[in-house]
Amino acid sequence: MRIDWDAYERNLLPAAEMAEVTEALKRDADLRAQYHAFQNFKLNVRSSVKSESVPLDQLRQELRVVANQSRIRPAYGRWVTVGVAGSALLVALVARQQFDSDPLRLAKTPEIDQVSPLNESEGWKWIQKEQGYAGVSPIQFKNPNLKFSLVRKGEDWACMDYILDGDPIRLYMKKDESALRNVAFQSVGNRYVFAGNGIGWRAGSFVYSMQGASNEKLISLVRQAS
């Protein structure tokens, strides 16, 4: 099974393919090892890049060359570009409709940043420092088998990543009171939870979505959480 892990991480795969990969990760230990190796490689590359200085003068020169080339592009080139862009837009619209059909699909925009803090507490602090996320309340999970991995964000969402018995667990959050407005909730511990492709709940002005394992496992995590 060949998977574009970067597209999977950034939620760029079609909804059906995202679900297929998530299910495959639950069953296949070798596939999980590949995914973890990709995550480690990405973090190592990110650390290496951050340690290098950016040659700004050279970058500006290269950008001027690209800008000049784009201005002298012939008319037929523009028509081809528009045609390709139109096709891409159509595909994006179809994919967006697929995303919108799932009320728990909070990450509808690509990932723009991720960090690997020393611990879960520092991960929550990183999210709270982001504009608009000061009101996020950290969730304390009491399952000792749930291991914190990293934290990510998109344009209008954030995500805490965990590992539970080898399965990647993703806790998404988004400031959108309407996301779970017309769904049926069930009482789980001190929360009212919606069960679909994962589970979700509202807290204040934020909506949370938890995915990656069976709903029974996720509900058990939330029932014990504070």
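I started with burial: 38% of the 226 residues in the protein chain are buried. Buried means under 20% relative accessible area, exposed over 50%, and partly exposed in between, with a 1.4 Å probe and protein chains only. This is a predicted model, where local features need pLDDT of at least 70, side-chain atom pairs count only at pLDDT 80 or more, and totals for chains, interfaces and linings use all residues. Residues are numbered from 1 along each chain as its sequence is written, and side-chain values use heavy atoms, with hydrogens and water left out.

**Overall fold**

I looked up the secondary structure next. The protein chain has 7 helices and 8 strands. These are DSSP runs numbered from the N terminus: helices are H or I of at least four residues, strands E of at least two. I then took the contacts (heavy atoms within 4.5 Å). Of those between residues at least 6 apart in sequence, 61% join residues at least 24 apart. The chain exposes about 13,300 Å², by the Shrake-Rupley method with a 1.4 Å probe. Carbon and sulfur atoms supply 53% of that area.

**Arg-32**

I found Arg-32 in helix α3, residues 29-50. Is Arg-32 buried or exposed? Arg-32 counts as buried because its relative accessibility is 15%. Its side chain reaches the backbone oxygen of Gly-166 at 2.9 Å. Beyond neighbours within four places in sequence, Arg-32 is in contact with Leu-25, Lys-26, Arg-27, Gly-166 and Asp-167.

**Thr-109**

I moved on to the loop between α5 (75-100) and β1 (111-115), where Thr-109 sits. Thr-109 is buried, at a relative accessible area of 13%. A polar atom of the Thr-109 side chain lies 3.4 Å from the backbone nitrogen of Glu-155. Leaving aside neighbours within four places in sequence, the contacts of Thr-109 are Arg-10, Gly-154, Glu-155, Asp-156 and Trp-157.

**Cavity**

A cavity is a set of points on a 1 Å grid over the protein atoms alone, where a 1.4 Å probe fits but cannot get out. How many cavities of 30 Å³ or more does the structure hold? The structure holds 1. The largest cavity has a volume of about 40 Å³, taken as the space filled by probe spheres set on the points. Lining residues have an atom within 4 Å of a point. Among them I noted Tyr-35, Gln-39, Ser-149, Asp-161 and Arg-170. α3, β3 (158-164) and β4 (167-174) each supply at least two lining residues. The lining divides into 5 nonpolar, 2 polar and 2 charged residues.

Notes: Polar contact = N/O pair within 3.5 Å; in protein donor to acceptor, adjacent residues only side chain to side chain. 1 Å grid on protein atoms, 1.4 Å probe; cavity = no way out; pocket = protein on both sides within 12 Å on 5 of 7 lines; lining within 4 Å. Nonpolar A, V, L, I, M, F, W, Y, C, P; charged D, E, K, R; others polar.
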